[in-house]
Amino acid sequence: MSYLPLYAQLQATFNKILQQNYSNIECTFNIESPKNPDHGDFSCNIAMMLAKKIKKNPMEIAETISENIKNTTSLSLDKILVARPGFINIFVNPKDWMKSLPAIFQNKEDFFRPNIGKNRSVYLEYVSSNPTGPLHIGHGRCGAIGSSLALLFEETGFNVHREYFINDAGRQIHILATSVWLRFLQIKKHKLLYPKKAYQGSYIHDIAVELLQENELLSIPEQHLMPDLNPVQTDSNQDEKWLEFCITLYQRLYQASTRASFEKACVKFVLKMIQKECEDFNVNFDAWFSERSLVNDGSVEASLLALKERDHIYEKDGAIWFKAQSLGDEKDRVLVKANGDYTYFATDIAYHWHKLQTQPDFIIDIMGADHHGYIPRLKAALIGLGMAPDRFNAIIYQFITLMQNQQQVQMSTRQGSYVTLQELIEQVGLDCARFYLLQKKPDQHITFDLDIAKKESLDNPIFKIHYAYARIMSILRKLPKNAIAKNHLDYLPSHHEKSIIKLLNRYPDILRACVRDHSLHYLCQYLLEVASQLHSYYSTTKIIQEDLEILSQRHYLIVCIANTLNKGLAILGLQAKETM
């Protein structure tokens, strides 16, 4: 017989009461665990929700439902109290709490893997950083969110496809190639003023050495073909013009086919670096999708045709426009410029048209805060292509303020002044980095203090969680040989033990909240609370003792705690530590 968590049993009870007595009324209600134990193990607002619908006194409704609960539920309830303005407070018999433990002890799937998804599919895209440099801490937050959401969705019954969209076409790739070429000229002792707005990182030098010095993908132009590359500069506007001059010169000196091969090699070099960084950060993908392929395989044309067939595009001033405003955007958008070039939005529509061909139940894109204004036009495009609006979700994550030595670290990919994801892992460790990037809702700002994150103490949340698991493993190693973990249903748990058991019962509902809000912060907070309870229990309770019945029950309980910590950490992309 499968175990149904107490919360789910109560929810089923209230739904049955609604069906029997209020079948013609749609009512949404909440069941919560009150912070004050005097208010019961569970509290429900169903009476107040019904009162709004049927215009009756919520206290009277609550009294009627309370009587029905006793005749409907199979739970052993100590008492049911009605509290103003209409809460139904339920006190569960400790024996019912004890019944939950076997499912936790045995790692039962119906407890740890609630089937929320019911085999529905999720097309999840995350990171998708331009292949122009190494990943920084902001990309790391996106990767941690995306990869942990994928693990969460899989644990809760969804079929997940993870994808990285490679922006390997457009101006940023021309800037990358030009930056590498200019560094190569410097390596060859050619005097030039390197543009401030070109890519500055040391990796540009590494690419130049491998691709140009060792593999000779580009030859050095003859001197008479080279203009003076040392202009006098006075402001940023001139620097932008100087960068554009260098790009134009690079493109003039080499044939299109040569440039294409070189740019492809540059992207491949950076992408290999990004793939290694993702792998080291436990960020995985099922596919790496090339933007360049959208033009080559006709996907852009196919998506425009799909919009045209649905009467969502028109021509104006020689350009092709998308009727975005009629589908929820603030204005219409250009898809094809008057000169025939596709806009970035056109290729993005083609990419999402490609996603739709797999017929996913949900499409989820994870984007930085600077893309917030882009969401309405993207949702309009998906609606225009025939997707229901509630099947697309964009998760916006806020950027991070990185602190070191009490000073803010300035980050700029173009300028090369940032802490790379690899450097972050080296400084604070994989576990600390991922946990810190997941412990707040994606849309909340994070101040990441490197000095605090390096501390190995109970003030560090992930250290506290790991230490709780390691502490349990240490206890298990010290148990006498005749110790057997056993759940005694007639055992009367202490107040502390009951609090722990109630907390363990919440695990499936924590996962439901994470799925509902597309955020792992609930799970981070929950694991921290479980760890705190374990440390408190350890300090106040003698677990190893001569009374074998008490020992076997406490042995059973700490294994349940360990299993819960282990399962939760795995969803965060982390592995529980048996020793510290």
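Asp329 is buried, at a relative accessible area of 6%, where buried means under 20% relative accessible area, exposed over 50% and partly exposed in between (1.4 Å probe, protein chains only). Asp329 sits in the loop between strand E9 (319–322) and strand E10 (333–336); strands (E, at least two residues) and helices (H or I, at least four) are DSSP runs, numbered from the N terminus. Leaving aside neighbours within four places in sequence, Asp329 is in contact with Ala324, Pro376, Arg377 and Ala380, contact being heavy atoms within 4.5 Å.

The model is a predicted one, so local features need pLDDT of at least 70 and side-chain atom pairs count only at pLDDT 80 or more, while totals for chains, interfaces and linings use all residues. Residues are numbered from 1 along each chain as its sequence is written, and side-chain values use heavy atoms, with hydrogens and water left out.

Now for the overall picture. The protein chain has 23 helices and 15 strands, and its C-alpha trace spans about 95 × 60 × 40 Å along the principal axes. Of its 580 residues, 52% count as buried. Among contacts in the chain with a separation of 6 or more, 73% come from residues 24 or more positions apart.

Next, the nonpolar cores. In soluble globular proteins, nonpolar side chains tend to be buried together. A nonpolar core here is a set of buried Ala, Val, Leu, Ile, Met, Phe, Trp, Tyr and Cys residues joined through side-chain atoms within 4.5 Å. The largest one has 152 residues, and Phe14, Ile46, Phe448, Leu504 and Leu523 are those with the most contacts inside it. A second, separate core of 32 residues includes Val336, Ile349, Ala380 and Ile396; Ala380 also turns up among the contacts of Asp329.

Helix H17 (residues 430–438) is largely enclosed by the rest of the structure, because 8 of its 9 residues are buried. Those buried residues are Asp431, Cys432, Ala433, Arg434, Phe435, Tyr436, Leu437 and Leu438. Cys432 itself counts as buried at 4% relative accessibility. As for disulfides (pairs of cysteine sulfur atoms within 2.5 Å), the structure holds 0. Cys432 is accordingly in none, and the nearest cysteine sulfur, that of Cys524, is 12 Å away.

On helix packing, the axes of helix H9 (residues 202–214) and helix H11 (residues 256–280) come within 11 Å and cross at roughly 125 degrees. Axes are lines fitted to C-alpha atoms, for helices over the stretch in contact, and angles run from 0 to 180 degrees between N-to-C directions. H9 and H11 are therefore oblique to each other, given that angles under 35 degrees count as roughly parallel, over 145 as roughly antiparallel, 65 to 115 as roughly perpendicular and the rest as oblique. H9 passes H11 in a right-handed crossing, the label used if the near helix is turned clockwise from the far one by less than a right angle, with anticlockwise being left-handed. On the H9 side, Tyr203, Asp206, Ile207, Glu210, Leu211 and Leu212 make the contact, and on the H11 side Phe262, Ala265, Cys266, Phe269, Val270 and Met273 do.

Most residues other than glycine have a negative phi, and most peptide bonds are trans. The peptide bond from Arg84 to Pro85, though, is cis, with omega near 5 degrees, and Pro85 lies in the loop between strand E3 (77–83) and strand E4 (87–92). Asn107 is not a glycine, yet has a positive phi of about 55 degrees. Asn107 belongs to the loop between helix H5 (101–105) and helix H6 (109–112) and counts as partly exposed, at 32% relative accessibility. Glu216, again not a glycine, has a positive phi of about 55 degrees; Glu216 is in the loop between H9 and helix H10 (236–253) and is exposed, at 61% relative accessible area.

Finally, His139 is found in helix H7 (residues 137–155) and counts as buried at 13% relative accessibility. His139 and Val127 are 12 residues apart in sequence and 5.8 Å apart in space, C-alpha to C-alpha. Beyond neighbours within four places in sequence, His139 is in contact with Val127, Ser129 and Pro134.
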